[in-house]
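Me: I'd like to go through this one term by term. Can you set each value against its cut-off for me?

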Amino acid sequence: MSVCARHKVSEAVLAGIRRGAPSWPVLIGLLLLAIFLILAIFAPLISPYDPWEPGKPFLPPSGTHPFGTNDIGQDIFSELVYGTRISLFVGFFAAFVSVAVGTLVGLFSGYLRGAADEVLMGATDIVLIIPALPLMIILAAHTSPSIWNIIIVIGALWWTSTARVVRSRVLQLREMPFVESARGLGAGDAYIVFRHILPNTLQVILAKFILAVAGAMLTEASLSFLGLGDPLQKSWGMMLNYAFSRGGFINGYWWWYLPPGICISLAVLSFVLIGFGLEEREQKAMMPSQL
Amino acid sequence: MRRSASPFLLQKLLRYSLALLAIIAINFFLPRLMPGDPIANILGENYLYASAEHIQKLRIELGLDLPLHQQFCHYLVDLLHGQWGMSYQYTQPIYDIIIYRMQWTLVLMIPSVLIGAAAGLVLGSVSGWNRGKRLDSVMTAILLLLYSTPGYWLAMLAVLIFAFYLDVLPLYGMLSSESTGLEKIGDLLVHMVLPVTILSLYKASGSYLIMRSSVIQVLGDGYILTARAKGLDDAAILFKHVLRNALMPLITVFALDFGSMVSGALLVEIVFSWNGMGTLIYDAILARDYPLLDGCLLAISICVLVANLFADIVYSIFDPRLRN
C-alpha cells in the first residue's frame, strides 16, 4: 500500500505541474521551506556555537554573536538554527497525527454512512467547537512538559477539518463507476477503501497536511510561549518565552525576541503559501472559463 | 414548538450541550485519572505548601473518598450553583475572579472583532472581485504574512516601536493613574489602542481569506453569468448577487472563529499585561493553579458555545432553507 500511496502522491504532484507551472506563491513557499530545511539538517555546521553553552549574558548583536546572547549568555543565532529542527519536527509530527486521525474518521464516516457517519461527524462537530487553545493548555498543564506530549495534544485536536474534507470526497468517490465495478467483481470493503478510495483522496489529504503543519507550528509556539513547552528542547516558541519572562521584552532587547518571531512567521508562511497555492489551483481547475 | 425552534437549531443545541459536557468531564476526570494522588493533581503547586490537616479536610470536602460517579454528580451540582472552587493563589472563589476578568477580555475583543471583521470583509470582497490582478496579489501577500505571524509577537513588535522608540503610547496595563470619570475612560482608550489594533489585524487576516475565497466561489456560479448576460452592471452584480451569497459562510466562520479569536486575545493580553482572562491563565500556569485553569476553560467554552448558538440563530434567519 505504501508503494501505491507514494506513487499516487508523485502522480498528484506531476498532475499539478502538468496543469501549469507552479504559481509564485508556491515557488516562494518552496524556496522558504528549502532554506529552513537546510538550516535544520545542517544545524551543527551552520551554527557558530553550541546553543546550550553559557557565556556572557545580554550581549547586543556584534561580529562574534550576530544576534547577541540571551540571559545566560547562549548565542541567539545558534539557538535559532537549532530551533528550526524542533519547530519543524513538532510541526510535521503533529500534522501527521492530526491528518492520520482525520483521514481515518473521514474514511469510515463517508464510506459506512448511516449511524457510524452520524456519530463520527457529531464527534467532529463537538471537537470543532471546543476552543482549542484553552483545552490544549489544560491538557499540557496536567501532563509533563515534553515534545511528544505537545505533538499528541495538537494532533488530538487538529484533525476535524481533515475529517470533514476527506468525508465529502469519499462520499463522491463511493458512487463512482470504478468503485461500483470493483464491488461487482467481489472486492471487500477494506480492499475498496484502501486500494481505491484512499489513493484518490491523497491530493486533498496532502493539501490538508501542509496547512496542518503551519497550524501545528503556530500552536507549538503559542504553548511554548505560555511556558508549557519542553524545557529540554530549544524551539522558537521557547526562545520567545524566555525572552518575555526573563527580562528581554521589558528591557527592549529586540535582538532576543524579534528573530524567533520572524522565523516562526516565515516558516509558517512557507507552508501557508504552498497550501494556499494548491487550493487556488483546484479552484481554478473547477471553473476554467470564468471571467 | 415546531414553529419556534427549527430541527436545525435543536440539533445544534444538542451538540453544544454534549460539547459542554465533554469539557466538564475533561475537567473532572483529568486530575482524578492522572497518575499520582488526585488531590496533588487538583491542588498543583499548592499541595507542597498545604498542611496535612488541611489536605485531609479538602479530601473530604471534595468528596475524593466517594465513588467516582457520586463525585461527578456532586461536581455537576456545584458547578450549576456557581461553586467552581477556590483559587489558592488569590484566595477567592474562582467564579468571581473569572466573571471580573472576563469583562476586561470582552472590552478588548468586542471592538477588535467588529473592526477586524469589517476590514476583512471589505478587503476580501475587493480582492476576490479583482482576482488575479496586482491589487489582489499584493493584498493577499500582505494578509497571508499577517495570518502566519503570531499575534503576541506582533504585539511585542508594536510595543517596541510605539512605546519604546516613539514613546507615543503606554507600554502596558489598562490605566496609568488614579483618574476618574471621563479622564479615566480616555486613559483606558489610550491603553486599548495597541491591543485592539493587533487583535483587529489578527481577525482581519482570517476573515479576509474566507471572504475572498467565498466571493471567488460565488463568481463561478451560473447565476452570475446569467446576471451578466441580462446586462446588469458590475455594481449591481457585486451587491445584489455576489455579496449577498458570499456572506453566508462568513456567518458560520465568524462564530467558529470566535474560539480562535479568544485564543489570540489571551496571548496578546499577556504581552500588554491586560488584566483579563489571558493574564489570568498565564499566572495560573506559572503558579500551577489547576482549579483556576479548569474554571477558565469552562468559562471560555461557555462563551464560545453561546457565540456559536447566536450565529446559528442568525444563520437560520438569513437562510430560509433552514427554517423548517
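Me: What makes the second largest pocket a pocket, and how much space lies in it?
Reply: About 680 Å³ of space lies in there. On a 1 Å grid over the protein atoms alone, a pocket is an open set of points with protein on both sides within 12 Å along at least five of seven lines, whereas a cavity is a set where a 1.4 Å probe fits but cannot get out. The volume is the space filled by probe spheres set on the points, which are joined across faces, edges and corners. Bear in mind that this is a predicted model: local features need pLDDT of at least 70 and side-chain atom pairs 80 or more, while totals for chains, interfaces and linings use all residues. Residues are numbered from 1 along each chain as its sequence is written, chains are lettered from A in the order in which they are written, and side-chain values use heavy atoms, without hydrogens and water.

Me: Which residues line the second largest pocket?
Reply: A lining residue has an atom within 4 Å of a point, and 29 residues line this pocket, with Leu62(B), Tyr75(B), Gln83(B), Trp84(B) and Gly85(B) nearest its centre. Helices H1 (7-33), H3 (52-61), H4 (68-80) and H12 (290-318) of chain B each give two or more residues to the lining. Helices here are DSSP runs of H or I, at least four residues, and strands are runs of E, at least two, numbered from the N terminus.

Me: How many helices and strands does chain A have under that rule?
Reply: Chain A has 12 helices and 0 strands.

Me: Why is Ile46(A) called partly exposed?
Reply: Ile46(A) has a relative accessible area of 31%. Buried means under 20%, exposed over 50%, and partly exposed in between (1.4 Å probe, protein chains only), so Ile46(A) is partly exposed. Ile46(A) sits in helix H3 of chain A.

Me: And why is Arg288(B) put in that class?
Reply: Its relative accessibility is 24%, so Arg288(B) counts as partly exposed too. Arg288(B) lies in the loop between helix H11 (277-286) and H12 of chain B.

Me: What makes the phi of Arg288(B) worth a look?
Reply: Most residues other than glycine have a negative phi. Arg288(B) is not a glycine, yet its phi is positive, near 50°. Arg113(A), in the loop between helix H4 (76-112) and helix H5 (114-129) of chain A, also has a positive phi, of about 50°.
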